[in-house]
Amino acid sequence: YTPHIMRLDLWKTSGHTNFYKESMFGAIEVEKADYQLKPMNCPGHILIYKSKLRSYRDLPIRLAELGTVYRYERSGVLHGLMRVRGFTQDDAHIFCTPAQIESEVEACVDFAFAVMKNFGFDNYEVELSVWDARHAENYAGKPEDWDRATAALANTMARMKIPYKKMEGEAAFYGPKIDIKLIDAIGRPWQLTTVQFDFNLPARFGLEYVGEDGARHQPLMVHRALLGSVERFFGILIEHYAGAFPAWLAPVQAEVCPVSEKVLDYARHVTDTLKRRGLRAHLDDRNEKLPAKIRDAQIQKIPYMLVVGGKEAEAGTVSVRHRSKGDLGPKPLAEFVDSLQKEVESRSISV
Ligand SMILES: [Zn+2]
């Protein structure tokens, strides 16, 4: 993890104090020096890269962290988990040679699609965010570098046969980017993945590597966040599934509901058996009637409720009830554990 506050000078070098000032909190004075809460993780990773001389043989270098960043948002725009002032980015920076950049970008985009598929999102829009040449003062770097970087991203998407929309003026101040917006269950778009081509920060920080020719060259950088903000991603997930998560994502996968205190020992055995297999089981050992236990588990949208009474204890079974499919009848405990484990391991998104 890179530090949460860093010297203000670093943010001057990166260009954040020029181009990103409105999204940053004010500087903090510590022992007569000015420090800045980090709005991005990039400079931290850049310093790690810079900590020793790199050779072309070391590249690409891929650094990742779950980094907490702080951005000044006006109180009026704060919104639940979706828009907050401090959040966690699944952030990575790839330092590579110009020859490697397109394949690195391609790998990031592939990775993003795989992650979204796993979480059950198959509806998204891809945007190529480019600079606005009429407002070059809002961006760092020369026009020809912007054109080259934009062409590289466009080529990559053409090769991957990904349709996209071009968004003028939506680039980061240091380079163009590919943004993936996912469309949730009720049709709203959410900004998620970003893959950014950066030729500016390596130059501003004087990054180098020793090439095959023995001379010093400047690497390029890819900024990559898949979920974007982890907090917002969880907000989107909760909304998308309306809280009824598929079994592999559910905080509790099976609620064990004994019909009376007499079968508590067997109910504990059922719960422990599930837990030993790595499944998230919870025992409802409250002194409540069965219908109340079922109702509460149903309200919590727990995928499976396992009813156990005297008959089940004797036969080594559980009476399975599914949150949306209803009563599935009695099943031998071992058989239920196997089938739930298979469902979880396959990351099935059926709810
Ligand atoms: Zn970055």
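View 1. Helices (H or I, at least four residues) and strands (E, at least two) are DSSP runs, numbered from the N terminus. Along the principal axes, the C-alpha atoms fill a box of roughly 80 × 50 × 40 Å. The model is predicted: local features need pLDDT of at least 70 and side-chain atom pairs count only at pLDDT 80 or more, while totals for chains, interfaces and linings use all residues. Residues are numbered from 1 along each chain as its sequence is written, and side-chain values use heavy atoms, with hydrogens and water left out.

**View 2. Cys42 (SG), His93 (NE2) and His223 (ND1) coordinate the zinc ion at 2.0 to 2.3 Å.** Donors are N, O and S atoms within 2.8 Å of the metal (3.2 Å for Na, K and Ca); water is not among the atoms, so sites may look incomplete. The spacing of the donor residues in sequence is C-x50-H-x129-H. Distant parts of the chain are linked by Cys42 in helix H3 (residues 42-50) and His93 in strand E5 (residues 86-96), which lie 51 residues apart. Cys42 is buried at 2% relative accessible area, and His93 is buried at 0%. Buried means under 20% relative accessible area, exposed over 50%, and partly exposed in between (1.4 Å probe, protein chains only).

**View 3. Cys108 belongs to a structure with zero disulfides.** A disulfide is a pair of cysteine sulfur atoms within 2.5 Å. For Cys108, the nearest cysteine sulfur is that of Cys96, 9.3 Å away. Cys108 is buried, with a relative accessibility of 4%.

**View 4. Trp248 sits in the loop between helix H7 (230-240) and strand E13 (254-258).** With a relative accessibility of 15%, Trp248 is buried. Apart from neighbours within four places in sequence, Trp248 is in contact (heavy atoms within 4.5 Å) with residues including Asn118, Phe119, Arg280 and Ile349. From the zinc donor His93, Trp248 is 155 residues away in sequence and 29 Å away in space, C-alpha to C-alpha.
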